[in-house]
Amino acid sequence: MSKELDEIYKRVCDLTGEKVSSKADKKKSVLIGLKKLETTLKSNKKQEIENSKRIDEILKVVISFANLKYDKKAIITNRKSHFDALALGINMLGEELEASTISLHEKEVLLKEIHHRVKNNLQVISSLLNLQSEKIKQPDLLETFMESQNRIRAMALVHEKIYQSKNLSKIDFTEYVHSFISQMSSSYNLDPKKIKMHLDPNIEPHFFKIDTAIPCSLILNELISNSYKYAFPKNRVGNIYLHFGIEKKSKNAAQYILQVADDGIGISPNIDIKNTNTLGLQLVDLLTAQIEGKLELDRKNGTKFTIRFPVEKN
Amino acid sequence: MSKIEIRAFTTWLGDNEICYTVVKPNAVVEIADAIENSAIVKEISDGKTYPMLVNLKEIKSITKEARDHFSMQGRTPGIKAIGLLIKSPASTIIGNFFLGLNKSVVPVKLFTKEEKAVDWLKQFLKK
């Protein structure tokens, strides 16, 4: 028994930090020591519960920030504990996050507004050209004005799509093409019974940045306009085919393909698309180079322009 | 020079040409305090620029508006560098915000010892 009491006494002294003494009343010392340990244990448990509550409270604030809600703040006491510092840090980070989130939202609103205004301004230019063209009698000059208007409207449509899109840096070019065809048909007053437009309704969405969308829109404008204007003279009936999508270039690479084809009378064999005086084809050639693309012309069974260009890097 | 006391700060120009400002214990520094402190520093500096030692050891917290104000040092032409004295976890957090998210346009450094802060700030006396 004495041996066991000795052992217990030494272990209690160890835990309480008391000095072991051979003269001590060991039973009494053990009892006192155990009481001290009991108090400490109770206090620790209380502290643990309090710490848990504080952690929970801070976590709730973090969760609320994660949901972009900044009205909650972690409580900071005067105890200057690590929890208070953590609470302070979380609150301050939340304030900075809120400021930058608002700032980001404001920037998005501003960017949308800019695209909307650009679209409107381009439409104003187009309307001014329209007004001006009313005074023109010469058919050649009228046609020039109309070509310019169509080019401007093609670009305005890109800005309109950006304004409408959730992603302010890209547009769904597939959706653009659909809208563009309606716009073109209306512009040329086309009778769908005479010239039919064929576009695959199942083309997937493809998202382009504005640097690619604008040149592609102008290319499309030139090629479709050319088909409308020249492929079907003397009320000839025909079809225009539009294909757009991604094709495999090699095992690990893909590229975009944009094709405008018609079954009309065909483009003159005298026209060299690389050395032409025609503004429209010059534009197509320049813009294809701008998007790092390759332009090909197939004269069999009408006219087929094919442009292949690289997929955008993010 | 005599010390100027306001709600959250005590500020004075030391004989060593270093401007001192001490945050009062448990102070929650708000924009009004920040503006008042800037006005005092401007008055003390009287057209000259001084390095500044800011004792944050007893600070409780600081509002975003106050932090933004202090980080835009253009409004306090009297300061050319800032040494921040920290000790408590809270002052450490706040001090680090002034190094990062609320960075000042003048050089800022954190210290736990006043002597080292003063040594660092003295290099700016010659400039």
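Leaving out neighbours within four places in sequence, A:Lys119 touches A:Ala156, A:His159 and A:Glu160. This is a predicted model. A:Lys119 sits in helix α3 of chain A, which covers residues 82-133. Is A:Lys119 buried or exposed? Its relative accessible area is 12%. Buried means under 20%, so A:Lys119 counts as buried. A:Tyr163 lies 44 residues from A:Lys119 along the chain. The C-alpha atoms of A:Lys119 and A:Tyr163 are 8.8 Å apart.

Next, the sheet. Chain A has an open sheet of 5 strands, ordered β2-β4-β5-β7-β6, with mixed pairing. The edges are β2 and β6 of chain A. Each has a single partner strand, so one side of each lacks a neighbour in the sheet. On average, neighbouring strands of this sheet are turned by 15 degrees against each other, direction ignored.

β2(A) pairs with β4 of chain A in the parallel sense, over 5 bridges. Within that strand, β4(A), A:Asn239 is the bridge partner of A:Lys196.

Helix α7 of chain A, residues 279-290, lies across β6 and β7 of chain A. The angle between α7 and β6(A) is about 140 degrees.

| Strand (chain A) | Residues |
|---|---|
| β2 | residues 195-199 |
| β4 | residues 238-248 |
| β6 | residues 294-298 |
| β7 | residues 303-310 |

Conventions:
Residues numbered from 1 in each chain as written. Chains lettered and ligands numbered in written order. Predicted model: local features only at pLDDT ≥ 70, side-chain atom pairs only at ≥ 80, totals over all residues. Heavy atoms only, no water. Helix = DSSP H or I, 4+ residues; strand = E, 2+ residues; numbered from the N terminus. Buried < 20%, exposed > 50% of the residue type's maximum accessible area, 1.4 Å probe, protein only. Contact = heavy atoms within 4.5 Å. Pairing = 2+ DSSP bridges. Axes fitted to C-alpha atoms, helices over the stretch in contact; angles between N-to-C directions.
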